[in-house]
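Please take a moment to look over the sequence and the 3D structure shown below. The text after them goes through the structure part by part.

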Amino acid sequence: MMDEFELRVHTIIGAIPYGHVATYGQIAKLAGQANYSRKVGSILKTLPKDSKLPWYRVINAQGKISFPVDSSKFFEQKERLENEGVVFLNNKVSLKKFKWLD
């Protein structure tokens, strides 16, 4: 069963628009717990495989994907974001350009 914070995190991630990204910290803050960015990451790790949440729109505060650069999850996340028009330069997203709600 989901607690209130987890429910809010799911709702916020579901609201990230096509072609935009949000950071773990931004989601934690929007969910009412500014210092819970690691908890947001933990919640994402436990998503069911068939989840419809756009988990791939969540990146770290440096504008980077948190998976190891040579992992299949890294390539999947990068490809999904690029398919939405998010541009990477040296494996980094411009938060100024693509961050949601900023």
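Predicted model: local features only at pLDDT ≥ 70, side-chain atom pairs only at ≥ 80, totals over all residues.

Begin with the core. The largest nonpolar core has 29 residues. Within this core, the residues with the most contacts are Val 9, Ile 13, Ile 27, Val 40 and Leu 44. At least two core residues come from each of these elements: helix H1 (4–15), helix H2 (24–30), helix H3 (37–45), strand S2 (58–59), helix H4 (72–83) and helix H5 (95–98). The most is given by H1, with four residues. To see what a core position looks like in detail, take Ile 13. Leaving out residues up to four places away in sequence, Ile 13 touches Ile 27, Leu 44, Leu 53, Pro 54, Trp 55 and Val 58.

Now consider helix H1 as a whole. At 1.5 Å a residue, its twelve residues should span 16 Å, and the end C-alpha atoms of H1 are 17 Å apart, which agrees. Which residues of H1 are buried? They are Phe 5, Glu 6, Val 9, His 10, Ile 12 and Ile 13. The buried residues of H1 are covered by other parts of the chain, including H2, H3 and S2.

Helix H4 can be read in the same steps. Its twelve residues should span 16 Å at 1.5 Å a residue, and the end C-alpha atoms of H4 are 16 Å apart, which agrees. In H4 the buried residues are Phe 74, Gln 77, Lys 78 and Leu 81. Seen down the axis of H4, these buried residues fall within an arc of 95 degrees, so they line one face of the helix. The face of H4 turned away from its buried side carries Ser 72 and Asn 83, which are exposed. What do the buried residues of H4 pack against? They pack against S2 and strand S3 (88–89). Just after H4 comes Gly 85, which takes a positive phi of about 95 degrees.

Is Gln 77 buried or exposed? Its relative accessible area is 2%, and the cut-off for buried is under 20%, so Gln 77 counts as buried. The side chain of Gln 77 reaches the backbone oxygen of Tyr 56 at 3.0 Å. Apart from its neighbours within four places in sequence, Gln 77 is in contact with Trp 55, Tyr 56, Val 58, Ile 59, Ile 65 and Phe 67.

The last topic is the aromatic rings. How many aromatic pairs are there? The count comes to four. In one of them, the rings of Phe 5 and Tyr 36 have their centres 5.4 Å apart and their planes at 65 degrees, so the pair is edge-to-face. Phe 5 lies in helix H1 and Tyr 36 in the loop between H2 and H3, so this pair ties together parts that are 31 residues apart in sequence. Phe 5 is buried, with a relative accessible area of 6%, whereas Tyr 36 is partly exposed, with a relative accessible area of 39%. Another edge-to-face pair is formed by Trp 55 and Tyr 56, with 5.8 Å from centre to centre and 85 degrees between the planes. Both Trp 55 and Tyr 56 are buried. Ring pairs also link Trp 55, Tyr 56 and Phe 67 into a cluster.

Finally, return to the loop between H2 and H3, where Tyr 36 lies. Not counting residues up to four places away in sequence, Tyr 36 touches Phe 5 and Ala 28. Tyr 36 and Gly 25 are eleven residues apart along the chain, and their C-alpha atoms are separated by 7.0 Å.

Key. Residues numbered from 1 in each chain as written. Heavy atoms only, no water. Core = buried A, V, L, I, M, F, W, Y, C linked by side-chain atoms within 4.5 Å. Buried < 20%, exposed > 50% of the residue type's maximum accessible area, 1.4 Å probe, protein only. Contact = heavy atoms within 4.5 Å. Expected span 1.5 Å × (residues − 1). Arc of directions from axis to C-beta. Polar contact = N/O pair within 3.5 Å; in protein donor to acceptor, adjacent residues only side chain to side chain. Phe/Tyr/Trp six-rings, centres within 6.5 Å; stacked < 30°, edge-to-face > 60°.
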